[in-house]
Amino acid sequence: MEYTEVNSKLWTKDFLLVNSITFLAMTAITTQMGTLPLYVTALGGSKAVAGSIVGILGISALFFRLPIGILLDRYGRRLLLTIGLGILFLDFALLNVLQTLLMLFCLRLIQGIGNSIQATSAATMAADLIPKEQLSVGLGYFSIAQAVPGAIGPLLGLAVVEAYGFEALFRVALLLTSVAFALSFFLSTESPRTLFFGEKPKTKGGATEALSVMKNRGVIFPSLIMFLICFANSGVIAFIAQFAIEKKISGAGYYFTVMTVVTVLIRFLFPQMLKRVNQTFLICGSILSISAAFGMLAYADDLVHLLLAAVLYGIGFASLLPVMNTIVLQSISDQERGRAIAIFSAALDVAYGGGAMLWGVIASLYGFQVMYLFCGGFGLAALFAYLLFDGKKKQMS
């Protein structure tokens, strides 16, 4: 399989387009993260039902990410990216029309499929476009486009719902997705070569190759660490609005604003941090910062503590994600990128999906304080997983 050479410059036209498409699509998705539980309640559903509807988006990724990764390595990135964005466009259009709990569940499932396709395609294309000597730095910048929507999307969603209602929320998501869909046609880079050039894929059995990637510790351990972190954070994203209402804290949406600002600042400082801070210290410090954020949320009873938790989480996650992603890409060959990124991304999707389901049940049974303490425990489990991985890596070197 032949790959096109990427420009030695980082900020090429295609890299900017991929970042823009990712930002728009993920913002459309995340506008629903804080508002969907409120929408489910308005339709007569319980907290557990809300968790299931929020979470099915991630669970669907469990079944689609890896096949998508195989297709990306065989047939290319751009076509699949456009298909994924097209599915999201149709899904958001139907959300404006079909307004029952059953249809909402089904459309969230379809949305998960579309998001899996576009997100995996965009991340793989970004990895292709970043020069190898700038991999960590490039992924740090690309992860801004991935992470910032998780911060501003829920804030935007809450603001739209409060001012204009839920139908306006879905129209905003439709607009964002339509722009991303249109931008995908301006991408000029396609690697590897596709069947449109009359070439048959040269890879062997996709399932066998996928299993070989899954046995790679450099792929599995970073994916596990991010799974644990995102599993815990799903409880924050899905239920922060209801938590604030229960605690009578006004201005909870500023949690996402503060986290956004901190995330962006850390990502721009990231190249210097990589030069000056030991990687093990950086990873452990990031995970501890995230765990402390969950612990603080458990006992937050005013806006100050809520925002301090946002600062701690933003510092930790902004540093952790690009480092884990870099470890994955440095552990595999160029021809395995699609599958490796699919596995890494699926870990995040399933974490957010499964986490929302579990935390909805725990919050219903024990309350939000216990739920966030459990979230902190998952953060500490991620730290243990990294120390185990780091120890095994040192033994092999």
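Predicted model: local features only at pLDDT ≥ 70, side-chain atom pairs only at ≥ 80, totals over all residues.

Reader: Why are helix 1 and helix 4 called roughly parallel?

Author: Helix 1 (residues 13-30) and helix 4 (residues 78-95) pack at an angle of about 30 degrees. Angles under 35 degrees count as roughly parallel, and therefore this pair gets that label. Their axes lie 12 Å apart, and the crossing is left-handed.

Reader: What makes the contact between helix 1 and helix 4?

Author: From helix 1 you have I21, A25, A28 and I29, and from helix 4 L81, L85, L88 and F92.

Reader: How many nonpolar, polar and charged residues does that contact have?

Author: By class, there are eight nonpolar residues, with no polar and no charged ones. Ala, Leu, Ile and Phe are among the types that count as nonpolar.

Reader: Zooming out, which pattern does the protein chain follow along the sequence?

Author: It reads α-α-α-α-α-α-α-α-α-α-α-α-α-α, with 14 helices and zero strands.

Reader: How do you know whether the radius of gyration agrees with a compact globule?

Author: For 397 residues, a compact globule would come out near 21 Å; the protein chain has 20 Å, so the two agree. The C-alpha atoms fill a box of roughly 60 × 50 × 35 Å along the principal axes.

Reader: And what percentage of the residues is buried?

Author: Buried residues make up 56% of the 397, where buried means under 20% relative accessible area.

Notes
Residues numbered from 1 in each chain as written. Heavy atoms only, no water. Axes fitted to C-alpha atoms, helices over the stretch in contact; angles between N-to-C directions. Helix = DSSP H or I, 4+ residues; strand = E, 2+ residues; numbered from the N terminus. Parallel < 35°, antiparallel > 145°, perpendicular 65-115°, else oblique. Left-handed = near helix turned anticlockwise from the far one by under 90°. Contact = heavy atoms within 4.5 Å. Rg over C-alpha atoms; globule rule 2.2 N^0.38 Å. Buried < 20%, exposed > 50% of the residue type's maximum accessible area, 1.4 Å probe, protein only.
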